[in-house]
Amino acid sequence: MKLTSHEKIEIKNLLHGLNRTKEAELMKHYIQHGQISTYEHVLSVTRLSFYLNRRFHLGASDSELVRGAFLHDFYLYDWHDSHSHERLHGFHHPAVALKNALKRYKLSPVEQNIIRSHMWPLTLFSFPRCRAAFIVCITDKICSTYETIVRKSSFPC
């Protein structure tokens, strides 16, 4: 799977600087899976979601898909540190990420659903209600599995 240089520029433009904030910098210091930072993880999910949407003509809005994918793990803490967050991170972090994102950004209902539902079916009652949310939900599992098994590199896109 390979994004074209034009597609990489499109993603950068769609992010509108979300990837250059102080919060994005914080995400670079939190480990997500293996040796992969939360920042690297959300970029992998963003790129793969964009790729799948384009290549399979899935019809999700590129803008909402990219923003929601980038913000899906915007919880801003080290989930490995038991003193820095609530217990049961997998169940609670989508709500924390959504709350953090809403404090800082105006989000569409689609972007909110992407963030809230990306851990479905673990978060049983927060399920993907639109194409973009379903794409990110599946893509997050693909990238997470790859990062957990390989442990040293994010999903290649």
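## Burial and overall architecture

A residue is called buried under 20% relative accessible area, exposed over 50%, and partly exposed in between (1.4 Å probe, protein chains only). This is a predicted model, in which local features need pLDDT of at least 70 and side-chain atom pairs pLDDT 80 or more, whereas totals for chains, interfaces and linings use all residues. Residues are numbered from 1 along each chain as its sequence is written, and side-chain values use heavy atoms, without hydrogens or water.

The protein has 157 residues, of which 50% count as buried. Its secondary structure consists of 7 helices and 2 strands (DSSP runs numbered from the N terminus: H or I of at least four residues for helices, E of at least two for strands). Along the sequence, the elements follow the order α-α-β-β-α-α-α-α-α.

## The nonpolar core

The largest nonpolar core contains 37 residues (a core being buried Ala, Val, Leu, Ile, Met, Phe, Trp, Tyr and Cys residues joined through side-chain atoms within 4.5 Å). Within this core, the residues with the most contacts are Leu15, Phe70, Leu71, Phe74, Leu107 and Ile115. At least two core residues come from each of α1 (5-15), α2 (22-27), α3, α4, α5 (89-104), α6 (109-117) and α7 (131-150). Helix α3 makes the largest contribution, with 8 residues.

Leu71 is one of the core residues with the most contacts. When neighbours within four places in sequence are set aside, Leu71 touches Leu18, Ala97, Ala101, Tyr105, Leu107 and Ile115. Two of these partners, Leu107 and Ile115, also belong to the group with the most contacts inside the core.

Helix α4 is mostly covered, with 8 of its 10 residues buried. The buried residues are Asp62, Leu65, Val66, Arg67, Gly68, Ala69, Phe70 and Leu71. This list includes the charged side chains of Asp62 and Arg67.

The axes of α3 (residues 38-55) and α4 (residues 62-71) come within 8 Å and cross at roughly 155 degrees (axes are lines fitted to C-alpha atoms, for helices over the stretch in contact, with angles from 0 to 180 degrees between N-to-C directions). The two helices are therefore roughly antiparallel (over 145 degrees; under 35 is roughly parallel, 65 to 115 roughly perpendicular, and the rest oblique). On the α3 side, the contact involves Tyr39, Val42, Leu43, Val45, Thr46, Ser49, Phe50, Asn53 and Arg54, and on the α4 side Asp62, Leu65, Val66, Ala69 and Phe70. Helix α4 also packs with α6: their axes come within 8 Å and cross at roughly 35 degrees. Here Ser63, Glu64, Leu65, Arg67, Gly68, Ala69 and Leu71 of α4 meet Val110, Glu111, Ile114 and Ile115 of α6.

## Helix α7 and Val136

The axes of α3 and α7 come within 9 Å and cross at roughly 130 degrees; the pair is therefore oblique. From α3, the residues that meet α7 are His41, Ser44, Val45, Leu48, Ser49, Leu52 and Asn53. Their counterparts in α7 are Ile135, Val136, Thr139, Asp140, Ile142, Cys143, Ser144 and Glu147.

Val136 lies in α7 and is buried, at 0% relative accessibility. Apart from its neighbours within four places in sequence, Val136 is in contact with Val45, Ser49, Leu65, Ala69, His72, Ile114 and His118. Among these, Val45 and Ser49 take part in the contact of α3 with α4, as do Leu65 and Ala69. The C-alpha atoms of Val136 and Leu65 are separated by 7.6 Å, although the residues are 71 apart along the chain.

## Backbone features in the loops

Most residues other than glycine have a negative phi, and most peptide bonds are trans. His16 has a positive phi of about 50 degrees and is not a glycine. This residue, His16, is found in the loop between α1 and α2 and is exposed, with a relative accessible area of 61%. His57 likewise has a positive phi, near 50 degrees. The position of His57 is in the loop between α3 and α4, where it is exposed at a relative accessible area of 69%.

The peptide bond from Trp120 to Pro121 is cis, with omega near 10 degrees. Pro121 is located in the loop between α6 and α7.

Notes
Contact means heavy atoms within 4.5 Å.
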